[in-house]
Amino acid sequence: NLTMPDKAAGHIEGILDAHAEYCGLPSVRFICTSGDVLSRLVWVSAGVPRDALSMFAQAMTKGTAEGRSLVSVTNVNVAASEMVSQKLKDLQVDAPEGTVEGDLADSLERIKDFCIKKERKNAFLAEIRNNDAFYQRILKLVDLRLVHVISEGITVGEAGRKYVALILDYGFYTGIRAAQSVDLFNRQTQRVAYKDLRKLPIFEP
């Protein structure tokens, strides 16, 4: 997962390399326009190998449709956008107002507004409040893979208050044209330092 993005990146690249070598290629990077393609793939798939394989296959299809033999970051972004669209359809099928699903959809919109419009950052902190209804909805959004955990617990400010660090799914702000105004957290899948996590904006429900 994304709590150890460097290890997730190595694991996913290893799987893709095995597929590439089976096809007679030296490595998966042989069919990528740059090293940034694999870094972006790890983030858009939230470090989940199954999702990474699916998205990379979609990205390859996009590249082929454009008459190119290499996969680009844009192709990966479009694949992520299409995947999140399907996740939202699954959520919205049973999301009338006044229901648990409706509350989830509303909570997701509030998080999206906070990240994309207010803070213009794709990562944020939320205080761990196990008895709070909104925090429980955040955890449900994590289960639905619409929000992803990048650190399970850090202390910011006064002792005794712990926060979970989260990242909004890339599919909400990437696509044919990426949202250039959104500051992407840890683009190169390096091991995350606590000092960087503590600088993230705190979402207050």
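This is a predicted model: local features need pLDDT of at least 70, side-chain atom pairs count only at pLDDT 80 or more; totals for chains, interfaces and linings use all residues.
Start by selecting Asp106, which is partly exposed with a relative accessible area of 44%. Here buried means under 20% relative accessible area, exposed over 50%, and partly exposed in between, with a 1.4 Å probe and protein chains only. Asp106 is found in helix H5, residues 100-119. Helices (H or I, at least four residues) and strands (E, at least two) are DSSP runs, numbered from the N terminus.

Residues are numbered from 1 along each chain as its sequence is written, and side-chain values use heavy atoms, with hydrogens and water left out.

**The sheet**

Next, show the strands. There is an open sheet of three strands in the order S1-S3-S2, with antiparallel pairing. At the edges are S1 (123-127) and S2 (147-155), each of which pairs on one side only. Neighbouring strands of this sheet are turned by 30° against each other on average, direction ignored; the axes behind this angle are lines fitted to C-alpha atoms, for helices over the stretch in contact, and angles run from 0 to 180 degrees between N-to-C directions. Two strands pair if DSSP finds at least two bridges between them.

Select S3, residues 162-168, together with S2: the two run antiparallel and are joined by six bridges. Across this pairing, Ser151 stands opposite Ala165 in S3, and Val149 stands opposite Leu166 in S3. Then switch to S1, which is joined to S3 by five bridges, again antiparallel. Here Phe124 is the residue opposite Leu166 in S3. S3 is largely enclosed by the rest of the structure, because six of its seven residues are buried. When looking along a strand, keep in mind that in a regular strand the side chains alternate between the two faces of the sheet.

Now centre on Ile150. Not counting residues up to four places away in sequence, Ile150 touches Leu2, Thr3, Trp43, Ala123, Ala165, Leu166, Ile167, Phe185, Leu197 and Leu200. Contact means heavy atoms within 4.5 Å.

**Aromatic pairs**

Show the rings of Phe, Tyr and Trp (its six-membered ring): they pair if their centres lie within 6.5 Å, and planes under 30 degrees apart count as stacked, over 60 as edge-to-face and the rest as tilted. By this rule the count comes to six aromatic pairs. One of them is Trp43 with Phe185, an edge-to-face pair at 6.5 Å centre to centre and 80° between the planes. Trp43 lies in helix H2 (residues 36-44) and Phe185 in the loop between S3 and helix H7 (194-198), so the pair links distant parts of the chain, 142 residues apart. Both Trp43 and Phe185 are buried.

Move to Phe134 and Phe203, a stacked pair with 5.5 Å centre to centre and 25° between the planes. This pair also links distant parts of the chain: Phe134 is in helix H6 (residues 133-143) and Phe203 in the segment after H7, 69 residues apart. Phe134 is buried, at a relative accessible area of 6%, and Phe203 is buried, likewise at 6%.

**Ser39 and the cysteines**

Return to helix H2 and select Ser39, which is found there. Ser39 counts as buried at 10% relative accessibility. Leaving aside neighbours within four places in sequence, Ser39 is in contact with Arg187, Gln188 and Thr189.

Last, select the cysteines. How many disulfides does the structure hold? It holds zero, a disulfide being a pair of cysteine sulfur atoms within 2.5 Å. The sulfur of Cys32 is 13 Å from the closest cysteine sulfur, in Cys23, which is too far for a bond. Cys32 counts as buried at 8% relative accessibility, and Cys115 counts as buried at 1%.
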